[in-house]
Amino acid sequence: MDLQTLTYIVVGATFALYIGIAIWARAGSTQEFYVAGGGVSPLANGMATAADWMSAASFISMAGLISFMGYDGSVYLMGWTGGYVLLALCLAPYLRKFGKFTVPDFIGDRYYSQTARTVAVICAILISFTYVAGQMRGVGVVFSRFLEVDITTGVIIGMAVVFFYAVLGGMKGITYTQVAQYCVLIFAYMVPAVFISIMITGHVLPQTGLGATLLDGSGLHLLERLDGLSAELGFAAYTEGTKSTADIFAITAALMVGTAGLPHVIVRFFTVPRVKDARISAGWALIFISILYTTAPAIGAFARYNMIDTINGPDAQGTLVAEAPTWIKNWEKTGLIKHEDKNGDGRMFYSGDERNEMTIDRDIMVLANPEIAQLPDWVIALVAAGGIAAALSTAAGLLLVISTSISHDLLKRNLMPNITDKQELLAARGAAAVAIVIAGYLGINPPGFVAEVVAFAFGLAAASFFPAIILGIFYKKMNKEGAIAGMLAGIIFTVGYILYFKGIFITPFAENKPENWLFGISPEGIGTVGMAVNFVVAYAVSKFTKEVPQDVQDIVEQIRFPKGAGEAQSH
Amino acid sequence: MAFQSNELAKAYWRENVSLMLKLLAVWFAVSFAAGILFVDQLNMVQFFGFKLGFWFAQQGSIYTFVLLIFIYVIKMNALDRKYDVHED
C-alpha cells in the first residue's frame, strides 16, 4: 500500500473516532454531565485543555524552529509552559470564583463598564485572529505534503476543511473528543521520537537521548556533535544561538504572560465545578503539555543531525542529486524545499555560508522527520493525522471565538440589539468565512513561520488582557478608566510595533533587524514592553480618576477565597 | 462573610500572596535566571551530557513548572482548610 492511501486511512480513522465519541458523549450528556454541572474530572479536563492548547505551532512548527535555532528555540519551550504557572497561581482560581464564562465578561463586570467590555471583545478578536492566521499555514503545510500539491493549493484545501469543521462545529467543546484528540496527537508525536532516539543514541526516552552519546562510534555526545557540525558549516553553535539576551528574555516573557491572557485557554478554567479543580486542572494540563514540550527539543536535535547527514552525506561532500533521498524529492513537490546547484557539481550541499545550495522551510521538519529517518510508512501517516488534529482543533475553536464575539458581543449586545437569532447566526457564519479568507491569504503569504506568527498573538494577549486581569484581582483600587486606558495603550503600542517592522498588508516602515529594534527587542518579544506600558498607563490614569465604587471592591474581596463558589453563569 | 473577622481575612490573603510570591521566585529562577540571564556561566558545567544552562532552558525549567503547580495546589488546599474557607 502506498503512503498516500495509508495516510487517507489513518486520517479517516481518527476522524471517525472523534465523530464517534462526539455522538456517544452527546447521547449520555442529558442525564450525566450537563445536569451534574460538568462532572468532568480535572484529569480529563487537563487532557482536553492540552489538546485545545497545542496547535499547529506546537505540533508542526516548534520542533522545526528549534532544529534551526538551537538554544534560541528555548523561548518557545519555556514561554509556552511557564505561562501555566502564572495561570494556576495568579488567575485561574480567582476567575473561577468570579463565575463568568468569558474574559470580556470578567473585564466588563470587574470594571463596571460596557466600554471596557467592548474594548476587551475587540482585543479578543484581534488575538484570536492572529492566532488563526498562524494555524492556516500549518494546515496548509500538512495538506500540501500529503496530497502532493504546492503550498498555495494546500492552504486553500485547508481553508475549506477548517470552514466546514468550524461551521458544523458540533465537535468542539465536547471534552471527550478533545481527550481523544490529545491521545492521537501525543501518540503521533512520541512514536517517531522514540524510534529515532533509539536509532541515534540507544535511549528509549527522547528526553535523555538528547543528552546521550551517539551510536556512530565517535564517542561524542549528540549536542557536542551538533555544535561541531555547526562550526564546520558556518552556523552559530547549536547550544548557544544568535539572539541577544534581551530579546530571548522579552520573547519568553511575552509568551508566558500571553499564555495566561489567552481568551480560549482561560475559558477552560471557568467551567470546572470548583475553585480547587481550577487550580489542579492547570497542573494536569501542564503535565500533558510537558510530555510534548520536553520531547520537542529532542526531535529538533535529531532532525538537525539526520538532515545534515542525509544532505551532505557521511563524508560531508554533498549527496549526488541523482541519489537524493526520497524525503527531499517528496518535499520538493510542495515547493518548501529547493535545491540550486550553484557550483555545478551535481551534488546537494547545506551550510550556513556561501557554499549553501538548499532552501528549506522550517515548518516541514516535524512532518519530514520520520521520512528523513526512513521510518515505516504507517508512522509517517500517523504524524500527518496528529498534525491535522492539532491544527483543526485549535483553528476551529478560535474561529468560534471570533464569530461569536462579532455576532453576539459586538452586534447583538452593542451595535444592533434588535437582530433576530437567525440574523445573528448568519452574521456568525459570515464572520467566520471572512476570518478564514483573510487568514488564508496570510497563510499563503506568511509574515513568518507558524510559531512566529502565533507568538504575535501571545504578545497581543500579554499587552492587553494580562495586566487588566491581574490588576482586577490583586489591586482593588484599579478603576475602569485605568483599565480601559491601559488595555488600549498596550494593544495599540504592540500592534503598531509589529506592523512597523512586519508590515502585514502594508509596506513595513523599517527593516526588521536588531539594529532598528527598540531596546534590541524583536516584534515577537514586544508584547513584554506592551505589557509594561499597559501597567504604567493603567496605574497612572487610575490615580487621577474617580475611585472604584465600594460594591465592586467588595466583589474583589469575595473572589479571593474559594468558599461559596457557584456555577459559572453566562450573561 | 466567610471569615470570622476582617483580621482573619487579611491573614489568609497575606499567606496566600506570600506562598504565591515564593513559588514565583522559583519560577523566575529556573527559567529567566538559569535558562537565560546566567546561561553562559551555567553552560560551563556538564550535566548528563548537557550543558547545564542549556538543560535548564530546554528541559529543567519545564519539569520545575509542573512541580510548582502541584506544590501550590497542595499548600492552598491546606490553607483553605486552616481558615475554613474550603469548598464542600
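In chain B, 50% of the contacts with a separation of 6 or more join residues 24 or more positions apart, a contact being a pair of residues whose C-beta atoms, placed from the backbone, lie within 7 Å. The model is predicted, so local features need pLDDT of at least 70 and side-chain atom pairs count only at pLDDT 80 or more, while totals for chains, interfaces and linings use all residues. Residues are numbered from 1 along each chain as its sequence is written, with chains lettered from A and ligands numbered from 1 in the order in which they are written.

Chain B holds 3 helices and 2 strands, arranged α-α-β-β-α from the N terminus; these are DSSP runs (helices H or I, at least four residues; strands E, at least two). Its C-alpha trace spans about 55 × 25 × 15 Å along the principal axes. Of its 88 residues, 32% are buried, that is, with 20 or more other C-beta atoms within 10 Å of their own.

Turning to the partner chain, 41 residues of chain A meet 35 of chain B. On the chain B side, α1 (6-37), β2 (50-51) and α3 (52-82) each supply at least two residues, and α3(B) gives the most, with 16.

Within chain A, helix α11 (residues 245-259) is mostly covered, as 13 of its 15 residues are buried. As for A:V142, its contacts beyond neighbours within four places in sequence are A:I60, A:L367, A:A384, A:G387, A:I388 and A:A391.

How values were computed:
Contact = placed C-beta atoms within 7 Å. Buried ≥ 20, exposed ≤ 12 C-beta atoms within 10 Å, placed from the backbone.
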